[in-house]
Amino acid sequence: MPITDQVGVRTLESADDLDETRLGAVGYVFHGNLLVEGAKKTAAKAGTNLLHFARCAKLEKAGDTEAKIWFRTIGIAKQHLDEKVGNERWKWCKVCEREITQKILNER
């Protein structure tokens, strides 16, 4: 299913799209390399294939050549990234991961 047909998934085409998404601070943003049909899998470079909260300051370091995708929920993001990037080939930004962990600890 093409990205545009899915509810809660949007490809960010430009730096302005990314800035607008970050300003809204809703959802999650992935930046990295998507799998290409028939292409050989290569190792991901450090700092790529990361999922962030939309407000994460680390998004400023995302490369211009990387794909950038916005997701409304973490469930949609996980399903989509496992399919398009590969299971175990993407991860949370370390800053965002710490924030999630702290939030869970605070709720107990």
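Q: What pattern does the chain follow along the sequence?
A: Read along the sequence, the pattern is β-α-β-β-β-α-β-α. This is a predicted model, where local features need pLDDT of at least 70, side-chain atom pairs count only at pLDDT 80 or more, and totals for chains, interfaces and linings use all residues. Residues are numbered from 1 along each chain as its sequence is written, and side-chain values use heavy atoms, with hydrogens and water left out.

Q: How many helices and strands is that?
A: The chain has 3 helices and 5 strands. These are DSSP runs numbered from the N terminus: helices are H or I with at least four residues, strands are E with at least two.

Q: What share of the residues is buried?
A: Buried residues are 34% of the 108 in the chain. Buried means under 20% relative accessible area, exposed over 50%, and partly exposed in between, with a 1.4 Å probe and protein chains only.

Q: How many disulfides are there?
A: The structure has 0 disulfides, a disulfide being a pair of cysteine sulfur atoms within 2.5 Å.

Q: Is cysteine 93 buried or exposed?
A: Cysteine 93 counts as buried because its relative accessibility is 4%. Cysteine 56 is also buried, at 7%.

Q: New topic: where is lysine 61?
A: Lysine 61 lies in the loop between strand E3 (50-53) and strand E4 (67-71). With 67% relative accessibility, lysine 61 counts as exposed.
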